[in-house]
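Let us take a walk through this structure together, one piece at a time. Keep the picture open beside you as you read.

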Amino acid sequence: HKNKDGSLPEALQHELKVMMHIDHPGILPISDYQMVNDDVLLIRSMIDGETLEQILKTKGVYEAQAIDLFRQIIAGLIELHGHKLHLGHCTPKSLRIAPDGTLVFADTGLINRLHAITSMTGEFSSQDAPMYATPERIQGRTVDTRSDIYLAGLIGYEMLAGVPVYHKGSIKDILYAHVTEPIPDLPDSSHPLNTLFKEMLQKTPSKRIQSAEAVLSRLNVLVGQV
C-alpha cells in the first residue's frame, strides 16, 4: 500500500497520526505502528470483554441495552467523522463491549478499508460477512461517512430485531438485497426507531440521513436521552 517512492499514502499517514492521538472511550487508539514489507502492523492495547457478535449469538441484548449500544456507536462515528475519518466497513465482530458496558471500535478507518471488497462478483469471506455490506461498496462506488450511517443502521436494527436486516439466501442473494430490496420493519412495526432505520438504510447515500450528529439528534427525540 506504499506509494511508488516507498512512502505511505497521505491519507494513511493522516489516519495513523490521528489514531495515535485520538482520545475517546469508544475508539481504541494506536500506540505505535511498524512497516512490515508492504503492510502496516498496528500496535494496540488489548480490550477485555466480548465482541458484540459473541453477545448477539449467545445471549442477545435487551431493548434498553441495544439503544445504549447504538447510541455509543453513533457517538464513536461522530468522533471519527470529526477527524475526517470513516469506517467504510464494520461488523459486530469489530465492536467490543468492555465489562463496564463501554462499546469500543476495535478496527477503524482506512486501514480497515484497505481489505474491503468493492465488487458484487468478489468473494466475501466469513470475516467479511455480506450482511454488513453497503450498497455503494457492493457496486464499487465511493464509500464515505454516509456509508458508516448505513452500517450503523444495520447493526442497530440487528440488536433490536435479533436478526440482520438481510440474512436469507446465498451471499449473492444478500448482496442483491442490500442494493434492491425494501427496508424491512422491525418485528414491532410500531417501534419508534423504525423511521430512523429507514432513513439510515436508504440505498442511495444522498437519500440517507446525512450525518452521525443528525442520527443522534433523531435518536434522542425518538427514544429520549439517557
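A residue is called buried when its relative accessible area is under 20%, exposed when that area is over 50%, and partly exposed in between. With that cut-off in hand, we can begin with one residue of this predicted model. H89 has a relative accessibility of 9%, so it counts as buried. You will find H89 in the loop between α3 and β4. Its side chain joins the side chain of R137 in a polar contact of 2.8 Å.

The backbone of K84 has a phi near 60°, which is a positive value in a residue other than glycine.

Now step back to the whole chain. It has nine helices and five strands, and from the N terminus on they follow the order α-β-β-β-α-α-β-β-α-α-α-α-α-α. Of the 226 residues in the protein chain, 45% are buried. Contacts can also be sorted by how far apart the partners are in sequence: among those between residues at least 6 apart, 65% join residues at least 24 apart.

Next, look for the sheet. Three strands form an open sheet in the order β3-β4-β5, and their pairing is antiparallel. Its edge strands are β3, residues 50-51, and β5, residues 103-105, each of which pairs on one side only. Strand β4 covers residues 95-97 and pairs with β5 in the antiparallel sense over three bridges. To see how these strands line up, find L95, which stands opposite F105 in β5.

From the sheet, we can move on to the helix that lies across it. Helix α3, residues 63-82, lies across β4 and β5 and runs at about 35° to β5.

Helix α3 has a helix partner too. How is such a pair described? Two packed helices are described by the angle between their axes and the distance between the axes. Here the axes of α3 and helix α6, residues 145-161, come within 9 Å and cross at roughly 170°. Because of that angle, α3 is roughly antiparallel to α6. On the α3 side, the contact is made by E63, A66, L69, F70, I73, I74, L77 and H81, while α6 brings T145, D148, A152, I155, G156, M159 and L160. Sorted by kind, the residues of this contact are 10 nonpolar, three polar and two charged.

Helix α6 also leads us to α7, residues 171-180. Which residues of α7 are buried? They are I174, L175, A177, H178 and V179. These buried residues of α7 pack against α6 and against α5, residues 135-138.

Our last stop is E199, in helix α8, which spans residues 194-200. Is E199 buried, exposed or partly exposed? Its relative accessibility is 27%, so E199 counts as partly exposed. Leaving aside neighbours within four places in sequence, E199 is in contact with K207, R208, I209 and R218. With R218 there is a polar contact of 2.4 Å between the two side chains. Looking back along the chain, E199 and I183 are 16 residues apart in sequence, with their C-alpha atoms 9.6 Å apart in space.

Terms used: Residues numbered from 1 in each chain as written. Predicted model: local features only at pLDDT ≥ 70, side-chain atom pairs only at ≥ 80, totals over all residues. Heavy atoms only, no water. Pairing = 2+ DSSP bridges. Helix = DSSP H or I, 4+ residues; strand = E, 2+ residues; numbered from the N terminus. Contact = heavy atoms within 4.5 Å. Axes fitted to C-alpha atoms, helices over the stretch in contact; angles between N-to-C directions. Parallel < 35°, antiparallel > 145°, perpendicular 65-115°, else oblique. Nonpolar A, V, L, I, M, F, W, Y, C, P; charged D, E, K, R; others polar. Buried < 20%, exposed > 50% of the residue type's maximum accessible area, 1.4 Å probe, protein only. Polar contact = N/O pair within 3.5 Å; in protein donor to acceptor, adjacent residues only side chain to side chain.
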